[in-house]
Amino acid sequence: MDIRHQILQSVYTLAQRQAIKDITVNDILAEATVSRGSFYKYFSDKYDVINSYYTEAMTAIFRDCDAYTWQGIFTKMLCYFETHAAFFDAAFRATGQNSFTDFFRQHLVTHFAAIIARHSTHRLTTDDQKALQFFADGFVAYTRQWALTGMQQAASELASDLHLFMPACLCEITLTAVPEPR
């Protein structure tokens, strides 16, 4: 495992034992068993590491979606959260600087718009963009509540519920798979 990945993995491990806001660079160094110089070669501070972990998690979620349907995307995302329940419980509990909730909200708006651009012929109107923002806000709030209350509902059931709550103007956008470049 490379040093950068060791550092990212240490944040994942630490977040399962303590509040994200309480994680220090020294904690990360001890958990990752890397030097301070190695840490600063890859990251500027603890927030940079945490944001990088969030970004990598979102990249993993949206990589290789088997079925480009809204419900398929929602299910994959929520199953990922469910698989890493302790980390995402801690992530959703963090507030203020480096809040996963804020990161997730912004990422959803950006990524959902990118999915529409890449996997449909639809071009988002101003009203569609407002609906997308509104839906992302609700999606994040509902997912956060689910995570903080122990993920009692199955991820696939929550994905179905979220799809039902999706504004009609977004639901009507048909997504198609794009062949991978050779």
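Student: Is the crossing of helix 4 and helix 7 left-handed or right-handed?

Tutor: The crossing of helix 4 and helix 7 is right-handed. Right-handed means that the near helix is turned clockwise from the far one by less than a right angle, left-handed anticlockwise. Helices are DSSP runs (H or I, at least four residues), numbered from the N terminus. One caution: this is a predicted model, where local features need pLDDT of at least 70, side-chain atom pairs count only at pLDDT 80 or more, and totals for chains, interfaces and linings use all residues. Residues are numbered from 1 along each chain as its sequence is written, and side-chain values use heavy atoms, without hydrogens and water.

Student: At what angle do helix 4 and helix 7 pack?

Tutor: Two packed helices are described by the angle between their axes and the distance between the axes. Here helix 4 and helix 7 (residues 100-119) pack at about 35 degrees, with axes 11 Å apart. Axes are lines fitted to C-alpha atoms over the stretch in contact, and angles run from 0 to 180 degrees between N-to-C directions.

Student: Which residues does phenylalanine 139 touch?

Tutor: Phenylalanine 139 touches Phe74, Met77, Phe104, Leu108 and Leu162, not counting residues up to four places away in sequence. Phenylalanine 139 sits in helix 8 (residues 126-148).

Student: Is phenylalanine 139 buried or exposed?

Tutor: Buried, at a relative accessible area of 0%. Buried means under 20%, exposed over 50%, partly exposed in between (1.4 Å probe, protein chains only).

Technical notes:
Helices (H or I, at least four residues) and strands (E, at least two) are DSSP runs, numbered from the N terminus. Contact means heavy atoms within 4.5 Å.
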